[in-house]
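Work through the exercises below with the model open. Each task is followed by its solution.

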Amino acid sequence: MAKVSEKLMVYCLVAIFVVIAMVEGAKGATICNIPSSRLNLCRPAVTGRYPPPPTKQCCLLIKHADLNCLCNFKDALPAFNINPSRAFALPKKCKYNLHIPPKCRG
């Protein structure tokens, strides 16, 4: 029961962030140190069956992302067709030695 409540809370938080991003789009809302207007730069590298490597623009975003913050949304990523394993593999693919929280690895 607690696991269901935890997942529901994560989904609600993501929904709130999405709504804030839509409402604040012109103002440039930021989610986990990533400007909401630039979130789609990494989308191709984390979706689909055979995603391409991340672009330089995506890697620049990842370099400054708050991975601990993003880790809180790991369980909600599939709802946005984002593969969590691929998302948290981006730092390595971008050749950055960033600390990925243990609960977000693999």
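This is a predicted model: local features need pLDDT of at least 70, side-chain atom pairs count only at pLDDT 80 or more; totals for chains, interfaces and linings use all residues.

**Exercise 1. Find the link between Cys42 and Cys58, and state its handedness.**

Step one: check the distance. Two cysteine sulfur atoms within 2.5 Å make a disulfide. The S to S distance of Cys42 and Cys58 is 2.0 Å, and a disulfide joins them.

Step two: read the torsion. The value about the S-S bond is 110°, and the link of Cys42 and Cys58 is right-handed.

Cys42 lies in the loop between S2 and helix H2 (43-46), and Cys58 lies in helix H3 (residues 56-64), so the pair ties together parts that are 16 residues apart in sequence.

**Exercise 2. Treat Cys32 and Cys69 likewise: which parts does the pair tie together?**

Begin with the bond. The sulfur atoms of Cys32 and Cys69 are joined in a disulfide, S to S 2.0 Å. The torsion about this S-S bond is about -60°, so the disulfide of Cys32 and Cys69 is left-handed.

Now the ends. Cys32 sits in the loop between strand S1 (30-31) and strand S2 (34-35). Cys69 sits in helix H4 (residues 67-71). Last, the accessibility: Cys32 and Cys69 are both buried.

**Exercise 3. How far apart are the sulfur atoms of Cys71 and Cys104, and where do these residues lie?**

The sulfur atoms of Cys71 and Cys104 are 1.7 Å apart, and the two residues form a disulfide. Its torsion is about 115°, so the disulfide of Cys71 and Cys104 is right-handed.

Cys71 is in helix H4. Cys104 is in the segment after helix H6 (90-93). The pair therefore ties together parts that are 33 residues apart in sequence.

Finish with burial. Cys71 has 6% relative accessibility, so Cys71 counts as buried. Cys104 has 1%, so Cys104 counts as buried.

**Exercise 4. How many disulfides are there, and what pattern do they follow?**

Apply the sulfur distance rule: the count comes to four disulfides. Then number the bonded cysteines along the chain. The pattern is 1-5, 2-3, 4-7, 6-8.

How values were computed
Residues are numbered from 1 along each chain as its sequence is written. Side-chain values use heavy atoms; hydrogens and water are left out. Helices (H or I, at least four residues) and strands (E, at least two) are DSSP runs, numbered from the N terminus. Buried means under 20% relative accessible area, exposed over 50%, partly exposed in between (1.4 Å probe, protein chains only).
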